[in-house]
Amino acid sequence: MAYNKEKASKINYLHLIQNDTIRKYLSRCDRKKFPLQEDIHKCNIPINNIKNKHKVPLEYIIAVDGGYQEVCIDENFPSSKLCYYNIGIVNTKIKELESLEKDKIINPNLINKIEENSQIFGFVIPMQNICLQEQDFTDTVRKTIFEIFANNALSLEKLFKNHKDKPLESRQSTEKDSFINTIKWLVFKEYENSDSFIEFACPQCKAMQRFTKQTQNYTDEKNDFIVCNKCGEAIYITDCFDLHTLVDEINGATLIQSYIMSVFEIVLMLSMFRFFFENNALYWLERILFIKDGPLALFSRLDDFVFKIVRPFLQFLYEKSLQDGKSYTNIVGLDKSGMFVEHFLHIESKISENSLILPNLDYMRKYITGNNASVFGENTYFGIKIFVKKDDNLSFLLDLAVPFSRNIQYKDYIKNPSIEDFLALKAILEVLCKLKCDLYAKSFIPIAMINKLVSLSNVPSKKILTLFSQDVLR
Ligand SMILES: [Zn+2]
């Protein structure tokens with residue numbers, strides 16, 4: 001790195017390109033190359049052949065999205081940073097969106113009315129050189145993450161504010177609705193009344209610990225913590241995310257910025273599932289299509305939470321759907337970047353209109369990921385990818401919630417996924433194809449709406465948040 005104001009010398013590259021070791025090293029490397037798919041038409045599945053397995057009475061779309069912005073409060077040493085988050089959920093009736101699409105003109109009153117059925121969660125996390133009083137930096141981040149989930153709760157009242165038909169109408173929002181209880185509900189597998197648990201290393205002494213229920217009622221605050229059996233320190237339920245292992249005093253918490261947002265989005269969405277479960281109102285799940293911006297996956301240290309907690313829950317719910325002849329897991333992720341999207345753009349013109357492609361593991365290895373030893377998504381995904389092409393103007397990459405029971409493992413399923421396994425694919429595609437709207441820069445309307453409500457721009461958000469932080473934090 002050049003020192004300030006000192007020009008980098010213009011010939012220093014010579015040391016590198018004349019270096020024989022470098023040259024020899026590069027000659028040992030291969031660039032990944034993928035064959036052209038001349039036979040792509042063999043993979044095309046006509047959309048018209050797809051049938052819903054069960055009756056799918058979709059009426060609502062609930063979309064989740066978030067934004068965050070890091071602000072630097074003091075550029076001088078030591079630089080102090082915070083990260084602000086806005087994460088939102090909006091509920092819209094499919095009929096309302098259809099009328100919006102039909103008009104081809106945005107009616108601001110209607111948009112405002114739709115947007116009122118939403119809830120936005122805002123919070124802040126220290127990123128560098130800012131600590132809670134009498135806490136070190138890592139403990140500050142751990143405690144802050146715990147408090148974010150403990151102090152926020154989903155309100156069905158807000159989500160259904162302008163809708164006549166309200167779920168669980170008589171029910172008042174309580175502390176029990178907090179997101180920390182959703183995490184516990186999932187971890188202890190309360191949905192099947194089993195006393196389940198999760199194992200992870202103590203953040204202090206690194207000894208493996210089993211996080212189990214301390215009292216019978218999972219919502220009890222006593223179940224938010226355990227005490228390490230080796231060092232005696234308290235361990236929060238949110239430590240199961242393992243994000244603190246990416247945090248340290250020197251580098252701060254920048255690495256976990258996006259992971260916090262994605263895990264919050266998932267817990268927010270699954271809170272709704274918990275409410276309907278606990279109130280014997282699963283029929284509401286049949287009526288809702290959940291849309292999440294981004295893939296149905298959690299990355300890095302969140303992988304344990306995916307393959308031990310989130311994916312088994314969806315598999316359980318898939319089994320229940322089969323038993324009841326319903327579709328309870330109408331969840332899609334809209335993937336907009338990464339190698340699958342690149343691949344899709346590359347082959348899009350070769351896919352027939354009104355068809356889709358469901359890539360299996362062989363396909364991924366041959367055309368997208370390369371022949372890696374690992375199975376794509378094995379520890380990170382709770383969805384399955386599908387390329388959809390309606391026509392030349394409308395195509396997208398979709399993740400759909402895993403369509404298989406708990407006796408099947410992801411790594412086996414992905415070798416030979418079948419379009420027949422998706423219970424509500426036809427209905428979901430119909431809705432999505434209607435909602436991809438030119439009015440919103442080719443985005444899906446509900447996602448564009450929630451994105452508008454949560455996004456934090458560089459200007460003016462960042463500037464104002466910086467001034468605000470400087471003022472409050474003295
Ligand atoms: Zn310990």
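**Figure 1. Alanine 63 stands opposite valine 90 in strand E3.** The model is predicted: local features need pLDDT of at least 70, side-chain atom pairs count only at pLDDT 80 or more, and totals for chains, interfaces and linings use all residues. Residues are numbered from 1 along each chain as its sequence is written. Strands (E, at least two residues) and helices (H or I, at least four) are DSSP runs, numbered from the N terminus. Strand E2 (residues 60–74) pairs with E3 in the antiparallel sense over 14 bridges. Two strands count as paired if DSSP finds at least two bridges between them. A hairpin of five residues joins E2 to E3.

**Figure 2. Strand E3 (residues 80–93) is largely enclosed by the rest of the structure, because twelve of its 14 residues are buried.** A residue is buried if 20 or more other C-beta atoms lie within 10 Å of its own, exposed if 12 or fewer, and partly exposed in between; the C-beta atoms are placed from the backbone. E3 also runs antiparallel to strand E4 (residues 118–128), joined by ten bridges. Here tyrosine 84 stands opposite valine 124 in E4.

**Figure 3. Nine strands form an open sheet.** Their order is E1-E11-E12-E13-E10-E9-E2-E3-E4, and the pairing is mixed. Strand E1 (45–46) and E4 are the edge strands, each pairing on one side only. Strands of a sheet pair through backbone hydrogen bonds, either parallel or antiparallel. Strand E10 (residues 331–335) and strand E13 (residues 394–401) are antiparallel, with four bridges. Glycine 333 stands opposite aspartate 399 in E13. Helix H16 (residues 458–472) packs on the sheet and touches E2 and E3. The direction of H16 makes about 60 degrees with that of E2.

**Figure 4. Helix H7 (residues 179–187) is largely enclosed by the rest of the structure, because nine of its nine residues are buried.** Among the buried residues are Asn181, Lys184 and Trp185. The buried residues of H7 pack against helix H5 (137–151), strand E5 (198–201), strand E6 (208–211), H8 and helix H10 (303–324). Just after H7, lysine 189 takes a positive phi of about 50 degrees.

**Figure 5. H7 and H8 pack at an angle of about 70 degrees, with their axes 9 Å apart.** Axes are lines fitted to C-alpha atoms, for helices over the stretch in contact; angles run from 0 to 180 degrees between N-to-C directions. The two helices are therefore roughly perpendicular; that label covers 65 to 115 degrees, while under 35 is roughly parallel, over 145 roughly antiparallel and the rest oblique. Phe179, Thr182, Ile183, Trp185 and Leu186 in H7 meet Val267, Leu268, Leu270, Ser271 and Arg274 in H8. H8 also lies across E2, E3, E4 and strand E9 (288–293), running at about 150 degrees to E2.

**Figure 6. The largest nonpolar core holds 120 residues.** Such a core is a set of buried Ala, Val, Leu, Ile, Met, Phe, Trp, Tyr and Cys residues joined through C-beta atoms within 7 Å. Val263, Val267, Ile291, Phe305 and Phe382 touch the most other members. Helix H8 (residues 257–278) gives the largest share, 13 residues. Leaving aside neighbours within four places in sequence, valine 267 is in contact with Phe149, Phe179, Thr182 and Ile183. Contact means that C-beta atoms, placed from the backbone, lie within 7 Å.

Conventions: Two residues are in contact if their C-beta atoms, placed from the backbone, lie within 7 Å.
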